[in-house]
Amino acid sequence: PMIPAVHCPLIMVYSPIGGCGKTTVALGLCATFAKNGKRVLYIDAEAVHSYAELVGAEKWLDRDFIWSLTRESEDLLAGLPAAVAQNGFDYLLPMEYAATSAGVTEENFLHLILQVKNSGLYDMVVVDTSNELSLVKSQMMGESDHVVLVGRQDEISWRKLDTFLRNIDIVDKDKYCFVCNMYEKEKENQLKSASFATRLEYIPF
């Protein structure tokens, strides 16, 4: 049996931009934390799970666990060991079909995430989310210890990130950082000169 951890930080990886490599950043964080001896769980809270090949998943999430997830069962964590696989770090198995077709909502994912976080079973939980901004995602950000915002170095990225940041209240600057993914040194980096770059920690990646 796993020994409960003292504190389990929740790290949310988000981007308002599609196709910027958000999932690879999230998985890279998991691998890095795991190599440093942390017990990590990756949860993809998106409607469509496209990470199966990236983690080498050999099976899909069990229907019984999906059923418990949709009903936000109190004993949801009892089924977690069978719903998790391992490849350097633990990850929640992907769904074969879209979460929405199985009746799984963002609220259901948030319920699971908070149960895992509060259980102390892991040293940290990394959550991958879709790019639509919703009330539930805002709640996830509020519950998260750190929020990693992913973008690219083009103008569209910084404009979308700027619009997003104008719609949320950043009280704790240390909670947020933004990653310039797929960075190309020979090209101009629009993100670095954006107005929000002075307010948040910036990491080229």
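Which backbone nitrogen does a side-chain oxygen of Asp154 reach at the start of H7? The backbone nitrogen of Ile156, to within 3.3 Å. This is a predicted model: local features need pLDDT of at least 70, side-chain atom pairs count only at pLDDT 80 or more, and totals for chains, interfaces and linings use all residues. Residues are numbered from 1 along each chain as its sequence is written, and side-chain values use heavy atoms, with hydrogens and water left out.

**Helix H7**

**H3 against H5**
- The axes (lines fitted to C-alpha atoms over the stretch in contact) of H3 (residues 63-70) and H5 (residues 106-119) come within 9 Å and cross at roughly 100°.
- H3 and H5 are therefore roughly perpendicular (65 to 115 degrees).
- Phe65, Leu69 and Thr70 in H3 meet Asn108, Phe109 and Leu112 in H5 (heavy atoms within 4.5 Å).

**Thr23**
- Thr23 lies in helix H1, residues 22-35.
- Thr23 counts as buried, at 14% relative accessibility.
- Beyond its neighbours within four places in sequence, Thr23 contacts Tyr42, Glu46, Tyr51, Leu54 and Asp128.

Definitions and conventions. Axes are lines fitted to C-alpha atoms, for helices over the stretch in contact, and angles run from 0 to 180 degrees between N-to-C directions. Helices (H or I, at least four residues) and strands (E, at least two) are DSSP runs, numbered from the N terminus. Angles under 35 degrees count as roughly parallel, over 145 as roughly antiparallel, 65 to 115 as roughly perpendicular and the rest as oblique. A polar contact is a pair of N or O atoms within 3.5 Å; within protein, one must be able to donate a hydrogen and the other to accept it, and residues adjacent in sequence count only if both atoms are side-chain atoms. Buried means under 20% relative accessible area, exposed over 50%, partly exposed in between (1.4 Å probe, protein chains only).
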